[in-house]
Amino acid sequence: MTASLPTGAAAPTTAPARLRLALIAHDGKKDEMVMLATEFADFLGGCELIATGTTGTRLAAEVGLTVERMLSGPLGGDLQIGARLAVGLVDAVVFLRDPMTPQPHEPDINALVRACDVHDVACATNLSSARLMLNSLRAAVPGTRPRE
């Protein structure tokens, strides 16, 4: 038997869930991440943001965003974000990678990008793809629109 609402009763409403974005940048790309976040601050301010350690600290201090900070990447922050992603708690990832600098935690980085592929989560790894993704997400969210 299914429950029904009394005649004339309104269906219960829930607030729409906020988009959950992970923001990660290698040391050589942190300035670019701050620049990108500044460009999209109006949109990102309405999202739930998580970031690896120093990236999150800079985004909070320099852009004024509210960011939940994980450990730094080399200390396991990439893995913490990957674990959340694997259970459906991350909707998209911006991971500004530095392909020209060897990373001591390269296996963790590869695991995070692989988790994005396995779980079909959008992952932008450079400024061009990040701008495309953020503009698309912003256009899809009511009350915001892409920059012209």
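Here is a short tour of the model, stop by stop, with what to select and what you will find there.

Before you click, note that this is a predicted model, in which local features need pLDDT of at least 70, side-chain atom pairs count only at pLDDT 80 or more, and totals for chains, interfaces and linings use all residues. Residues are numbered from 1 along each chain as its sequence is written, and side-chain values use heavy atoms, with hydrogens and water left out.

**Stop 1: strand β1**

Select residues 20–25, which make up β1. Of the 6 residues in β1, 5 are buried; buried means under 20% relative accessible area, exposed over 50%, and partly exposed in between, using a 1.4 Å probe and protein chains only.

Look for Ala22 opposite Ile50. Then bring in β4 (92–96), which pairs with β1 in the parallel sense over 5 bridges. Here Ile24 faces Phe95 across the pairing.

**Stop 2: the nonpolar cores**

In soluble globular proteins, nonpolar side chains tend to be buried together. A nonpolar core here is a set of buried Ala, Val, Leu, Ile, Met, Phe, Trp, Tyr and Cys residues joined through side-chain atoms within 4.5 Å. The largest one has 25 residues, and Leu21, Met33, Leu36, Leu44, Leu49, Leu59 and Val94 have the most contacts inside it. Among the elements giving it two or more residues are β1, α1 (30–39) and α6 (127–140). A second, separate core has 15 residues, including Ile24, Ile50, Val90 and Phe95.

Click on Val94 and show its surroundings: it touches Met33, Leu36, Ala130 and Met133, among others. Contact means heavy atoms within 4.5 Å.

**Stop 3**

Thr52 is buried at 3% relative accessible area, and its contacts beyond four places in sequence include Leu23, Met70, Gly77 and Ile81.

Next, pick Thr55 in helix α3, also buried, at 3% relative accessibility. A polar atom of the Thr55 side chain lies 3.4 Å from the backbone oxygen of Ala25. Further contacts of Thr55 include Lys30 and Met33.

**Stop 4: salt bridges**

The whole structure has 9 salt bridges, each a side-chain nitrogen of Lys or Arg within 4 Å of a carboxyl oxygen of Asp or Glu. Start with Lys30 and Asp27, where the closest N and O atoms are 3.7 Å apart. Lys30 is buried at 10%, whereas Asp27 is exposed at 67%.

Then select Glu68 and Arg84, which meet at 2.7 Å, N to O. Glu68 sits in strand β3 (residues 67–69) and Arg84 in helix α4 (residues 77–86), so this pair ties together parts that are 16 residues apart in sequence. Glu68 is partly exposed at 38%, and Arg84 is partly exposed at 25%.

Glu106 and Arg97 form a salt bridge at 3.5 Å, N to O. Last, select Asp31, Arg58 and Glu62 together to see a network of salt bridges.

Key:
Helices (H or I, at least four residues) and strands (E, at least two) are DSSP runs, numbered from the N terminus. Two strands pair if DSSP finds at least two bridges between them. A polar contact is a pair of N or O atoms within 3.5 Å; within protein, one must be able to donate a hydrogen and the other to accept it, and residues adjacent in sequence count only if both atoms are side-chain atoms.
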